[in-house]
Amino acid sequence: MTSLPSDSEFGRARLAAIAAAIACVAVVGIGLSLSIPLLSLEMERMGLSNTWIGVNTAVAGVASIVVLPFVPRVAARLGVMPLLLGAIAVAAVALLGFRAVRDFAWWFPLRFVFSAALGVLFVLSEFWINQAAPPTRRGLVMGVYATVLALGFAIGPALLRFLGTAGWAPYLAGAALFCAGTLPLFLARDLSPEIPRKGGRGFLGYLRVAPSATLAALIYGAVETGGFAILPIYGLRLGLTAEQAAGLVSVAALGNVLFQIPVGLLADKVDKRRLLLAAAFFGALGAAALPLGADDVRLLAVILFAWGGIAGTLYTVGLAHLGARFDGAALAGANAAFLVLYNIGLVLGPPLVGGGMDLASPHGFAWALALLFVAYLAVVGGRMIRAAP
């Protein structure tokens, strides 16, 4: 690995390394946002029930939870760059495999392999960008990183609208974009970080040492997936049209995109734990305020825009906090734990939020989201109180 200059915040070598890591996360965002709706529609055309579609989609979360803890160890043996390039190649081939193989039984191992490859890209890109980011500007870099990830999620559905969801075109386009993501990697091939074979911790070790950072991923995964999945239904229960209800998701997602860089800049200037505490407080407040917009869709949109932006900062600031706490093998392991918890949140969020709305329709949706933030607020606040002199 070529050392990055310590006397320059954004020298040429450092920028090349950051660009390569961001290219990886763009691949992840595009891959997930293109594959999830595309494969669901393909399975529906195959005549499969919603249950089977849901079970196959859930394999993605299982793959991440099973595989990600082992990524730092494998990368320490094989090298970060070879593993990144290999993961992109595997993801591209697996995506094409969904179109080539029409036997649904094979879609389960294909989904597992495809999701595991994207998970490898996620872990190593986050490790790389945390290593490459200058300590005094880590929040800004994480904000850019999260913004690109959000934009990557927007590109996938846009591709499907342009190319359609039938035939080879969307699969070939997705695979081609994966391959394009290797170009920045080749340009920065001498700058990829090395992961020491020793120095990491077990999964529970990271949870115990840095609960504020790691649990931010769990809560964000739960509120992102639970909130976005159930939000259109909440809109319908409030009496909105289907188009208005679907538009609520776009409003919250726009807030998520626009808040990342400003909050990242703020994270470089203040205690990151205090910023996580503030995000949890305002996230709970914003969720609890949603019923105020029940009779005014414009007010509801304003609240959702702010709430979506605040919720998204948990991921950005939590990731920056990890980078400030750990280095080397410990940082790689911490990133893996962060993403495992994020995926656990993806699994837990929809039933928790949906269950809340079933218990107290319709505003149980808002109260369930608020309670998730309050639980995180209690953890971070308690941690800071115990650490106070």
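A residue counts as buried at under 20% relative accessible area, as exposed at over 50% and as partly exposed in between, computed with a 1.4 Å probe and protein chains only. Helices (H or I, at least four residues) and strands (E, at least two) are DSSP runs, numbered from the N terminus.

This is a predicted model, in which local features need pLDDT of at least 70 and side-chain atom pairs count only at pLDDT 80 or more, while totals for chains, interfaces and linings use all residues. Residues are numbered from 1 along each chain as its sequence is written, and side-chain values use heavy atoms, with hydrogens and water left out.

**Overall form**

The protein has 15 helices and zero strands. Its radius of gyration is 20 Å, close to the 21 Å that the globule rule gives for 389 residues, so the protein is as compact as a globular protein of that length. Here the radius is taken over C-alpha atoms, and the rule is 2.2 Å times the number of residues to the power 0.38. Along the principal axes, the C-alpha atoms fill a box of roughly 60 × 60 × 35 Å.

Of the 389 residues, 54% count as buried. Contact means heavy atoms within 4.5 Å. Among contacts with a separation of 6 or more, 83% are between residues 24 or more positions apart. The accessible surface comes to about 16300 Å², and 69% of this area belongs to carbon and sulfur atoms; such areas come from the Shrake-Rupley method with a 1.4 Å probe, and for residues only the protein chains shown count as cover.

The expected span of a helix is 1.5 Å times one less than its number of residues. The table sets two helices against this value.

| Helix | Residues | Length | Span between end C-alpha atoms | Expected span |
|---|---|---|---|---|
| α5 | 107-132 | 26 residues | 37 Å | 38 Å |

Helix α5 is mostly covered, with 21 of its 26 residues buried. L121 lies in this helix and counts as buried because its relative accessibility is 0%. Apart from neighbours within four places in sequence, L121 is in contact with C24, V27, V28, L84, A87 and I88. L85 is 36 residues from L121 in sequence, and their C-alpha atoms are 8.9 Å apart.

After α6 comes G164, which has a positive phi near 85°.

**Helices α9 and α10**

L207 is placed in helix α9 (residues 203-209), and T214 in helix α10 (residues 211-237). L207 counts as partly exposed because its relative accessibility is 24%, whereas T214, at 0%, counts as buried.

With residues up to four places away in sequence left out, T214 touches Y206, L207, L322, F338 and L341. L207 and G333 are 126 residues apart in sequence, with 11 Å between their C-alpha atoms.

**A cis peptide bond**

The peptide bond from S361 to P362 is cis, with omega near 0°. P362 lies in the loop between α14 (328-359) and α15 (364-387).
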